[in-house]
Amino acid sequence: MEILDAVVIGAGQAGLSSAFHLARLGLSHVVLDADAAPGGAWQHRWDSLAMHDVHGIAALPGSTAPGDSELRANTVLPSYFSAYEREHAIPVVRPVAVDRVEDEGGLLVTHAGDRSWTSRALVNATGTWSHPFVPHYPGITTFRGEQLHTADYPGPEHFRGRRTLVVGGGASAVQLLGEIAPVTDTLWVTRRPPVWRTDDFTPEVGRAAVALVEDRVRRGLPPASVVSVTGLALREQEREASLLGAYERRAMFVAIESHGVRWADGSTSPVDVILWATGFRPAVGHLAPLRLRSPHGGIQLDGTTAVVDPRVQLVGYGPSASTIGANRAGRTAARGVAAWLDDEAAATA
């Protein structure tokens, strides 16, 4: 039986960065990816998302990232990831859908169907895209129109002439309203009033926002999105939607009915489509056998190391769920794996 130094689960930005740094440290590893092709979550993004919409992509370590352009992000970035895997000989095995990770005699065994990999340490880089979140509201199953999550967004033409209710207060909701409002009638609802950013998004502002998210995972709380602490901003391509009143937000409805929604005052509004821009949750269900969650519901981390099990590194989780954060987390995780292996070697010497 081959025992690897580490198994990396996920071949997005965080997983590839982790693999790069594990290789530099001379640690044996494999990267297991659920997708059939390179590109991480980017290959699943909607066609209208261009490179100039993604707020810049941090380069993977030892490479140069694609620049701003009108080209589709869901083709440019998978091509970039694919070339990176080849250039750096990243040992990716795909498609591999991991079922669970278990402790067997002090080693970690990663199971995927009838296959398994045994390692001394684990880097989990599964991100959030595969785990879209839709909150439950009374009557949600009675709605006769169409319900979509941003993970399934098919582009603005799909909504032409169909009254669309967009639910959610994040950047995705703002961007999708910008695309949909010019072709149809829209309503926007959020649980809390949106916080609009009026200052420039400087590196200092970004670091302060990330620090707040880091504090949550350090305390074992479920991670919050970075945008929840940075606020929202309209871009030039959303100007038309703004002039149409798309960003005149309403408070959340209290119930969903067969052909629309009911508001707190008892009135109703008919809608044809509900677009849930309600975000994602960390895809960490396969780690459940390791019992990593704190009493607060999140996985408590010291850097990228799981506090209750230092064999496990989490990247693309909380503050590292961005391309810049993912790169830094990959380096930190590889060093964490090396430190764990050194400690284990010293303990058995």
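1. A residue is called buried when its relative accessible area is under 20%, exposed when it is over 50%, and partly exposed in between (1.4 Å probe, protein chains only). In α3, the residues that count as buried are A173, V174, Q175, L176, L177, G178, E179 and I180. That is eight of the 10 residues of α3, so the helix is described as mostly covered, because buried is set by the cut-off above.

2. The model is predicted: local features need pLDDT of at least 70, side-chain atom pairs count only at pLDDT 80 or more, and totals for chains, interfaces and linings use all residues. Residues are numbered from 1 along each chain as its sequence is written, and side-chain values use heavy atoms, with hydrogens and water left out.

3. The protein has seven helices and 17 strands. These are DSSP runs (helices: H or I, at least four residues; strands: E, at least two), numbered from the N terminus. Of the 349 residues in the protein, 49% are buried.

4. Contact means heavy atoms within 4.5 Å. Taking contacts between residues at least 6 apart in sequence, 65% join residues at least 24 apart. The cover over the buried residues of α3 includes β8 (164–167), β9 (186–190), α6 (239–243) and β14.

5. A nonpolar core is a set of buried Ala, Val, Leu, Ile, Met, Phe, Trp, Tyr and Cys residues joined through side-chain atoms within 4.5 Å. The largest one holds 58 residues, and W42, L275 and V337 have the most contacts inside it. Elements giving two or more residues to this core include α3 (171–180), β14 (273–276) and α7 (323–348). The most comes from α7, with eight residues. A second, separate core has 22 residues, among them V30, A112, L290 and I299.

6. Apart from neighbours within four places in sequence, L275 is in contact with residues including Y153, F159, V166 and V167. Its contacts also include L176 and I180, two of the buried residues of α3.

7. R311 lies in the loop between β16 (305–306) and β17 (312–314). Is R311 buried or exposed? R311 is buried, with a relative accessible area of 8%. Its side chain makes a polar contact of 2.7 Å with the side chain of D103, and reaches the backbone oxygen of G106 at 3.1 Å. A polar contact is a pair of N or O atoms within 3.5 Å; within protein, one must be able to donate a hydrogen and the other to accept it, and residues adjacent in sequence count only if both atoms are side-chain atoms. Not counting residues up to four places away in sequence, R311 also touches residues including L107, R120 and W340.
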